[in-house]
Amino acid sequence: MNDPLTDTRPNDLRKAELLSTKVEHIDITSFDARPIIDAMGKMSFTSRDLARATGIYNQMLADKDCTIFLVIAGSTSAAGCMDAYAELVRSNMVDGIVATGATIVDMDFFEGLGHKHYQALEIPDDDTLRSLLIDRIYDTYIDEEELQNVDHTIFEIAETLEPKAYSSRAFIREMGKYLVEHGKKDNSLVKLAYEHDVPIFCPAFTDSSAGFGLVKHQVDAMKAGKPYLTIDSIADFRELTDIKIAAGTTGLLMIGGGVPKNFVQDTVVCAEILGHHDVAVHKYAVQITVADVRDGACSSSTLQEAASWGKVNTGIEQMVFAEAGSVIPLLTSDAYHRGLWKDRPKRAWAKLFA
């Protein structure tokens with residue numbers, strides 16, 4: 001008869017071998033990218049685009065009337081940019097965040113609980129990874145068993161809350177509160193956003209580990225004949241539009257595209273529908289993407305195109321067609337070291353919903 005311990009040991013060793021090299025998130029305060037960005041401004045192609053985009057972000061920081069939204073899609077948080085985004089919150093360089101559920105839950109909250117992402121130094125057959133319960137994002141690994149801990153933690157948070165409708169912002173704030181009390185990482189975007197009253201919106205919130213945890217919460221409540229909480233995506237749109245109406249001048253720093261990009265841009269149109277015809281389009285906009293403009297998708301649509309929808313000012317915008325993980329450290333380090341954030345008023349938009 002086979003010994004179960006003996007049978008699993010080779011798999012345990014193989015899994016440990018593959019999950020042996022942690023992703024180290026870049027510290028934008030540890031190096032000064034200003035000379036590089038200045039030099040790139042004298043070049044051409046993507047280098048000059050990046051320098052201009054960095055200049056626009058610095059304009060946002062210098063404009064004391066400007067509310068800045070950090071908009072994130074894709075997997076740059078898992079790939080090493082997580083601490084860069086956290087620093088933007090800590091240093092009052094962004095006032096609101098719109099992101100995918102994966103960015104906020106499966107990546108940042110995941111690490112906030114003490115888990116890690118790993119470099120895939122070799123990529124075996126993906127069926128082999130599945131047998132080892134290792135999830136892959138391109139050349140980055142996640143331990144599926146640790147990710148399921150996120151699912152169950154979301155369930156535990158839901159179980160403690162009043163059974164009613166919550167915007168994603170309201171629920172993510174509860175996640176930040178949980179990390180303050182139980183988290184294992186100080187440099188968590190979710191935790192810092194809670195502490196600094198920076199609202200986070202995930203318009204596709206349940207498309208993440210949050211979805212699994214909330215489904216379990218609802219199913220268990222239904223079986224017990226009890227009420228349960230739910231996520232109100234309409235409240236997300238209303239609350240984000242409320243910020244746009246109250247803020248007036250706004251700027252967008254967008255990494256990737258997809259739902260977060262369209263969602264934050266649409267606040268201008270929503271404000272008009274609500275009768276606020278004096279609400280201005282987003283004054284500043286930067287987007288970093290590798291999406292191809294020929295595919296007709298939102299992720300790749302240019303900011304000039306967004307102007308036709310009445311969403312973005314065509315005068316102060318820049319597309320940067322580059323893999324974001326390779327340019328975000330430069331853009332954010334430049335802005336950090338120029339120090340224009342030091343004189344910015346703190347907006348604390350989360351208090352708008354207190």
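## Helix contact

L50, A53, T54, Y57, N58 and L61 in α3 meet V327, L330, L331, D334, A335 and R338 in α15 (contact means heavy atoms within 4.5 Å). These contact residues divide into eight nonpolar, two polar and two charged. Ala, Val, Leu, Ile, Met, Phe, Trp, Tyr, Cys and Pro count as nonpolar, Asp, Glu, Lys and Arg as charged, and the others, Gly among them, as polar.

## Model basis

This is a predicted model: local features need pLDDT of at least 70, side-chain atom pairs count only at pLDDT 80 or more, and totals for chains, interfaces and linings use all residues. Numbering starts from 1 along each chain as its sequence is written, and side-chain values use heavy atoms, without hydrogens and water.

## Crossing geometry

The axes of α3 (residues 45-62) and α15 (residues 324-338) come within 10 Å and cross at roughly 40 degrees. α3 is therefore oblique to α15 (under 35 degrees is roughly parallel, over 145 roughly antiparallel, 65 to 115 roughly perpendicular, the rest oblique). The α3 and α15 crossing is right-handed.

## Cavity

The structure holds one cavity of 30 Å³ or more. About 80 Å³ of space lies in the largest cavity. A cavity is a set of points on a 1 Å grid where a 1.4 Å probe fits but cannot get out; lining residues have an atom within 4 Å of a point.

R169, I172, R173, V190, A193, Y194, V198, P199, I200 and A350 line the largest cavity. Helices α8 (168-182) and α9 (189-195) each supply at least two residues of this lining. By class, the lining has eight nonpolar, no polar and two charged residues.

Technical notes. Axes fitted to C-alpha atoms, helices over the stretch in contact; angles between N-to-C directions. Helix = DSSP H or I, 4+ residues; strand = E, 2+ residues; numbered from the N terminus. Left-handed = near helix turned anticlockwise from the far one by under 90°. 1 Å grid on protein atoms, 1.4 Å probe; cavity = no way out; pocket = protein on both sides within 12 Å on 5 of 7 lines; lining within 4 Å. Points joined across faces, edges and corners; volume = space filled by probe spheres on them.
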